[in-house]
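Hi,

Here's the structure I said I'd pass on.

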2 protein chains.
Amino acid sequence: MNHSLTLAALLLTVGCATTDPLPSWRDGATKTQIIDFVERVTAEGTDDFVEPGARIATFDNDGTLWAEQPVYFQLLFAIDRVRALSADHPEWMTTQPFKAAIEGDMESVLGAGMEGLMELLMASHANMTSDEFDAIVREWIDTARHPTSQKPYTRMVYQPMLELLDYLRAEDFDVFITSGGGIDFLRVWAEGTYGIPPQNVIGSSIKTKFEWRDGEPVLTRLAEIDFIDDGAGKPIGIHNHIGRRPIASFGNSDGDLEMLQWTAAGDGASLIALVHHTDEVREWAYDRDSHIGRLRFALDEAIEQGWTVIDMKADWETIYPASGKQSETPPAD
Amino acid sequence: MNHSLTLAALLLTVGCATTDPLPSWRDGATKTQIIDFVERVTAEGTDDFVEPGARIATFDNDGTLWAEQPVYFQLLFAIDRVRALSADHPEWMTTQPFKAAIEGDMESVLGAGMEGLMELLMASHANMTSDEFDAIVREWIDTARHPTSQKPYTRMVYQPMLELLDYLRAEDFDVFITSGGGIDFLRVWAEGTYGIPPQNVIGSSIKTKFEWRDGEPVLTRLAEIDFIDDGAGKPIGIHNHIGRRPIASFGNSDGDLEMLQWTAAGDGASLIALVHHTDEVREWAYDRDSHIGRLRFALDEAIEQGWTVIDMKADWETIYPASGKQSETPPAD
C-alpha cells in the first residue's frame, strides 16, 4: 500500500513536471497568480476570455528580463565603444565624461549626470548608418563579458522570465519588449535571446535620416533624441507601436509605473507584475534607494492595488539559464 | 475526342480556379511576376529562400489598398468632423479654411495649402483622448459614404489587393501598412477591412500626452505633429516600427518612392510594385499631373529599374469587392 502510494506520488510528480509551463518558478502565490490569469483569459466562453489577437503582453527589459547591475548594460556598451573610438579622439583624454569612461572611473561617469550620459550615448550610438550600428552591437554582444560574473550579457537574462515568455506565446499572447533602453540596441539580440522579433521591440530612439551613400540608400543615425520610452513615455510607446492596450505588463522599477497603470486601467482581466530584486546572493537586492532601477512608487502602488510582486529570492528556483542553454544572436551560432 | 478535350480543359480550368491565389488578377506578366516572386522566396533550399520571420511586406494605403479620389478620404473625415463641431465654433463661419470646409467648397479647402490642411486636421484630430478619437473614427467609417460612389469607404478597397494580402499571409509573410495617413485613423478599421492588426499599421502621427482624467490614465492627442510617414519618412517609419527591411513593397505615388528604393536595396530577391491608376471607367485614371497621388518620379524609376507596374485597367478583373463580401469594423457586424 505504501509502495503504490509512493509510485502514484512519483507518477504525479513526473506528470506535473512535464506539463509545468514554469518549471523554474517555485510553487506559491506568485506562480499561481500568473497561471490563473493565463487560464482565465484563454478559457473560451467565460467573461474573462480574451481573443488571441488582443492578448498583448509587455515586458520592460533592464531588471525585468535581464540584470541591470552594476549599471545598465547598454551604458557599458557605450563605454566600451568610446574606448574603441578613443584613438581617433585624443581630445577625449582631457574632456569629461570621456576621460572617466576611458579610464573606467564609473563613479565619475555616473556623476556626470544625464547630460554627461547623453554625450557618451551620442558619441557611441550616432553618426553611423543603421547597418553599421547593428554590426557594432552584434560584435559587442557576442564578445563582451559582464564585469563581475564574466558571463556574456545574453546569459544574464532570467530563466524564469524566458519560461514565462514561452508560456505566454504558447497561449497565443503577442509579447513585446517596452524598454527605456535603445530600440536598435535591443533588436540586435532580442530575437536570439528572448524569441522576440524586431517588430515587437519598443524602446528609446534617436532620430534617423534617409540619405544616399555610394549609390545606396542608408538610414543615418543622428545625434538627436527622438523618443524616451520611460515613465509616461511607455504608454505612449505602446500606443504608437502596438495601438492596443496590453492585458499583462511586467516591470521592475518606477520607470515602469505608468505602463502598469495604463495596463491596469483596461477593461477586463489584467496581470500587473513587478520583479522585485530581493536576492543579494544569486543576483542583487535593491529597491527604494537604488541608483539603478529604483523601485519606490511602483512598489507602494503594487501593494496598494494588489498587483503581483515577484520575489526573486523566494519565487525563483533558478535565476540564470544553465550554461549553453541560452541561444545567442543568430550569426554567432 | 473533341468532347474529352473540352472536358479536360474544363477540369483544368476548374482546377486552376480553385487553387488560384489571385482570382481577380488577370493572367499576364504582372500576376506572373508576383506569384513567381512568392514561390521563389518560399522555396526551401534555394538561394532566394527567405525565412518566414523575414518575409516582410509593406503596403501604402491611399491609392494602393483603397481609392483616394476625389481627395484623400481622411480629409473628407476631417471636413465631416469640422462640420459636426461647427455649432460650437461660430468663429469658423468667418475663418478659412473652416468656412470652405463647412460649405463643402473643396477648391478653397485645397487652395488653403498645407497650412490650411493642418488647421483642419488639428481641429478634427486633436484635443481629445485616444479612446475618444477611436470612437469618432469608428462611427464615421461605419456611416459615411463616398461622395460619388455612395459606398462605405471600406468598400472602396481593391479586391485584387485583398487577395494579395491573403496570399502573402498564407505564405507566412508579415504584412504591414505604411501610410502617409494617420496611424490612429487607420487602426480603427484596418483589421476588419484588411485583416491587418493595429501593431502592423505604420502611419503619420500627432504627439500624445499621458495624463490623468477622473482618476483614469488617458492619452490626450496634442495639436502637434509627431511624425510624417511619407517620402523619406517611410523608410524611417519602417525602421522604427519593424526594424527589418521589407522584401516586398507596394505603392502608387511619388510619396512611396523612398520606401520602394529602400526595399529594392536589400540583399536577396525583392518585389517592388506600383499600382498604376489607368482605369477611368471603373476607378480613376491619373499619374504625372494628379493633385492627389502624383506618380512621376516613381513611375520613371519603376520603368528604369524594371519594377512591377500594376496596370489597374489591364491587370485587374475586378476593382472593388462584391457587395456584402467586405468585412466592416468589428462592432458594425
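At what angle do the axes of helix α11 and helix α12 of chain A cross? Before I get to that, keep in mind that this is a predicted model.

The helix pair: the axes of α11 (residues 257-264) and α12 (residues 297-305) of chain A cross at roughly 25 degrees and come within 10 Å. Angles under 35 degrees count as roughly parallel, so α11(A) is roughly parallel to α12(A). On the α11(A) side, the contact uses L257(A), L260(A) and A264(A), and these meet F297(A), A298(A), E301(A) and Q305(A) of α12(A). By type, the residues of this contact are five nonpolar, one polar and one charged.

Then there's the sheet in chain B. It's an open one with seven strands and mixed pairing, in the order β4-β3-β2-β1-β5-β6-β7. At the edges sit β4 (216-227) and β7 (308-311) of chain B, each pairing on one side only. On average, neighbouring strands are turned by 30 degrees against each other, direction ignored. Within this sheet, β1 (residues 56-59) and β2 (residues 174-182) of chain B pair in the parallel sense, over four bridges.

Last, how the chains relate. Chain B superposes on chain A by a rotation of 180 degrees with 0.0 Å of shift along the axis, at an RMSD of 0.0 Å. That's the relation of a two-fold axis. The C-alpha of chain B nearest that axis belongs to H241(B), 3.2 Å from it. Also, 100% of the interface residues of chain B are interface residues in chain A too, so the copies meet through the same surface.

Cheers

Definitions and conventions: Residues numbered from 1 in each chain as written. Chains lettered and ligands numbered in written order. Predicted model: local features only at pLDDT ≥ 70, side-chain atom pairs only at ≥ 80, totals over all residues. Pairing = 2+ DSSP bridges. Helix = DSSP H or I, 4+ residues; strand = E, 2+ residues; numbered from the N terminus. Axes fitted to C-alpha atoms, helices over the stretch in contact; angles between N-to-C directions. Least-squares fit on C-alpha atoms with pLDDT ≥ 70 in both. Contact = placed C-beta atoms within 7 Å. Parallel < 35°, antiparallel > 145°, perpendicular 65-115°, else oblique. Nonpolar A, V, L, I, M, F, W, Y, C, P; charged D, E, K, R; others polar.
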